[in-house]
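This briefing goes through selected side-chain features of one protein chain. It is arranged by topic.

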Amino acid sequence: METISSIAKRLNVTNGRIYQIIKEIPADKQPKKDAKGKYNFTKESVEAIESYYNSSSSPKTDNESDLVKQLRADLEDAKAEIKAKNNQIDKFQQLLDQQQQLNLATNRQNEKLLDGSANDTKQNVSESQNMDDTDVSKPAEDNYKGEETKTSKKGLFGWLRR
């Protein structure tokens with residue numbers, strides 16, 4: 001007398017798979033249930049279950065190999081897409097670095113222009129207040145040797161202007 005468990009162990013499947021096979025085989029070969037609801041397996045029903053399992057297991061492996069092939073192809077596609085995205089990220093990073101360098105250069109030029117215009121404005125104001133000829137800060141035409149002494153600018157960004 002066969003049981004669901006013994007058939008499942010012999011075919012190396014679960015009990016649930018045996019129940020599925022029983023539902024899928026023709027009705028005349030299905031095992032009959034007794035009064036308690038247990039299956040009574042005949043030799044024909046066991047052979048029908050085994051033959052159905054053996055016939056359905058070979059196409060299943062073909063489907064699995066097709067599935068594996070498809071998954072590998074999808075994996076290769078995903079790898080290629082990731083590589084393309086990484087290249088795009090690298091290009092965007094380079095562009096961002098260039099933009100930051102341009103912004104820094106522009107900011108430095110703006111600071112120089114602002115410092116120059118602020119000094120020009122201060123100089124114009126001080127020149128208009130002290131317009132006498134005895135001003136010592138202006139070199140006289142006869143004693144000017146063409147050399148100027150620069151004073152270091154102080155401030156928060158003074159070290160940048162060196």
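Helices here are DSSP runs of H or I with at least four residues, strands are runs of E with at least two, and both are numbered from the N terminus. By that rule, R17 has its place in helix α2. The model is a predicted one.

**R17**

- R17 is buried but has no salt bridge.
- The side chain of R17 does make a polar contact, at 3.1 Å, with the side chain of Q20.
- Apart from residues up to four places away in sequence, R17 touches E24, Y52 and S56.

**Nonpolar core**

- In soluble globular proteins, nonpolar side chains tend to be buried together.
- The largest nonpolar core in this model holds 14 residues. I4, I7, L11, I18, I22, F41 and I49 are those with the most contacts inside this core.
- Two or more residues of this core come from each of the elements α1 (4-11), α2 (15-24) and α3 (43-129).
- I22 is in contact with I4, Q30, P31, Y39, F41 and I49, when neighbours within four places in sequence are set aside.
- F41 has a relative accessible area of 9%, so this residue is buried.

**Aromatic pairs**

- A pair of aromatic rings is described by the distance of the centres and the angle of the planes.
- The count of aromatic pairs is 2.
- The ring centres of Y19 and Y39 are 6.1 Å apart and the planes meet at 50°, so this pair is tilted.
- Y19 belongs to helix α2 and Y39 to strand β2 (residues 39-40), so the pair ties together parts that are 20 residues apart in sequence.
- Y39 also pairs with F41, and this pair is tilted, with 6.0 Å centre to centre and 35° between the planes.
- Through these ring pairs, Y19, Y39 and F41 are linked into a cluster.

**Salt bridges**

- Side chains of opposite charge can pair when their charged atoms come close.
- The whole structure contains 2 salt bridges.
- One of them joins the side chains of E2 and R10, at 3.3 Å from N to O.
- E2 has a relative accessibility of 24% and therefore counts as partly exposed, and R10, at 43%, also counts as partly exposed.
- The side chains of E50 and R10 form a salt bridge at 3.2 Å, N to O.
- That pair links distant parts of the chain, with E50 in helix α3 and R10 in helix α1, 40 residues apart.
- E50 is partly exposed because its relative accessible area is 21%.
- Salt bridges with shared partners join E2, R10 and E50 into one network.

**Backbone at N12**

- Most residues other than glycine have a negative phi.
- N12 is not a glycine, yet its phi is positive, at about 60°.
- The loop between α1 and α2 contains N12.
- N12 has a relative accessibility of 69%, so this residue counts as exposed.

Methods:
Residues numbered from 1 in each chain as written. Predicted model: local features only at pLDDT ≥ 70, side-chain atom pairs only at ≥ 80, totals over all residues. Heavy atoms only, no water. Core = buried A, V, L, I, M, F, W, Y, C linked by side-chain atoms within 4.5 Å. Buried < 20%, exposed > 50% of the residue type's maximum accessible area, 1.4 Å probe, protein only. Contact = heavy atoms within 4.5 Å. Lys, Arg positive; Asp, Glu negative; His and termini not counted. Salt bridge = Lys/Arg side-chain N within 4 Å of Asp/Glu carboxyl O. Polar contact = N/O pair within 3.5 Å; in protein donor to acceptor, adjacent residues only side chain to side chain. Phe/Tyr/Trp six-rings, centres within 6.5 Å; stacked < 30°, edge-to-face > 60°.
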